[in-house]
Amino acid sequence: MNKEKITMLTCYDALTAKIAQDAGIDYLLVGDSGGTNVLGYKSVNEVKLDDMLFLTKSVKRANTKCKIITDIPYEIVYEKPNETIFAAQKLIENGADMVKIELENGSVELLKKLTSANICVCSHIGYTPQTPNLKVSVQGKDVERAKELVKFAKISQEFGAKMIVLELIPANLAKYISDILDIPTIGIGAGQFCDGQVQVWCDISGFSDKIYRHSKLFANAKEQLLSAFREYASQVKNGNFPTDANSSFVCDEVLKNCF
Ligand code: KIV
């Protein structure tokens, strides 16, 4: 029997957390993509632990149903790896049910440390945005890289990860990985055979500048907001907003006596 697919969306604040919860999304990913999507950084590698705590707390406040997964940021993995356990514990204290770590050669030991400390971890393989100088491209197209990805997938499960994100991996390779693992695979640009899918909410709602091949436009919310904000500005300028219907008044007696 086909198992029900897992749904995951990125989420960075209380406003969208409530919407995602009401839509019945299973997991909210407080991804470090929030750094570029909502915090205004140029790169996800500028994101600090304090940023991830701020975003996680905001998502947690609005949400009681969805599980929350938070990224361990570049600052910790690449600059302060000795603080990985501390960082993960802080994220969990502040609302994360699980932390996510990108798995490249250097972070395999960090995964082991985290799971040995009983921290619930989701690993992330394939295109891993925190990896310095890694081109945005489909990973695992040649034998060497495909073998490496299969190795990282197996290590993830062996070292105790509870879930794994497969990003920009050929669909048939992602299927092979999904078939050999017991833990759920969550794909983004990894085809239809994964146990679930994750998307960046801004990409599927029309907020991103590009429509990515791995994504799909389910709404054009940015256009709607743009038109609402323009109409608001225009009505304020031409005096059509606010009207009496949007205002309250005191009686003349009060007005007379307050001068
Ligand atoms: O930060 C993020 O948005 C992610 C997803 C692309 C998986 O890690």
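Let's start at I180, which belongs to helix α8, spanning residues 171-180 (helices are DSSP runs of H or I with at least four residues, numbered from the N terminus). This is a predicted model, where local features need pLDDT of at least 70, side-chain atom pairs count only at pLDDT 80 or more, and totals for chains, interfaces and linings use all residues. Residues are numbered from 1 along each chain as its sequence is written, and side-chain values use heavy atoms, leaving out hydrogens and water.

I180 counts as partly exposed because its relative accessibility is 32%; buried means under 20%, exposed over 50%, and partly exposed in between, with a 1.4 Å probe and protein chains only. Between the C-alpha atoms of I180 and P129, which are 51 residues apart along the chain, the distance is 25 Å.

Now let's turn to the ligand. Around it are T10, L29, G31, D32, S33, D71, K100, H124, E167, I188 and V200, where a residue is near if one of its heavy atoms lies within 4 Å. This shell holds three nonpolar, four polar and four charged residues (Asp, Glu, Lys and Arg count as charged; Ala, Val, Leu, Ile, Met, Phe, Trp, Tyr, Cys and Pro as nonpolar; the others, Gly among them, as polar).

Which distances separate polar side-chain atoms from ligand oxygen atoms? For S33 the distance is 2.5 Å, for K100 it is 2.9 Å, and for D32 it is 3.2 Å; a polar contact is a pair of N or O atoms within 3.5 Å. The protein covers 95% of the 260 Å² of accessible area that the ligand has on its own, by the Shrake-Rupley method with a 1.4 Å probe.

Note on methods. A polar contact is a pair of N or O atoms within 3.5 Å; within protein, one must be able to donate a hydrogen and the other to accept it, and residues adjacent in sequence count only if both atoms are side-chain atoms. Helices (H or I, at least four residues) and strands (E, at least two) are DSSP runs, numbered from the N terminus.
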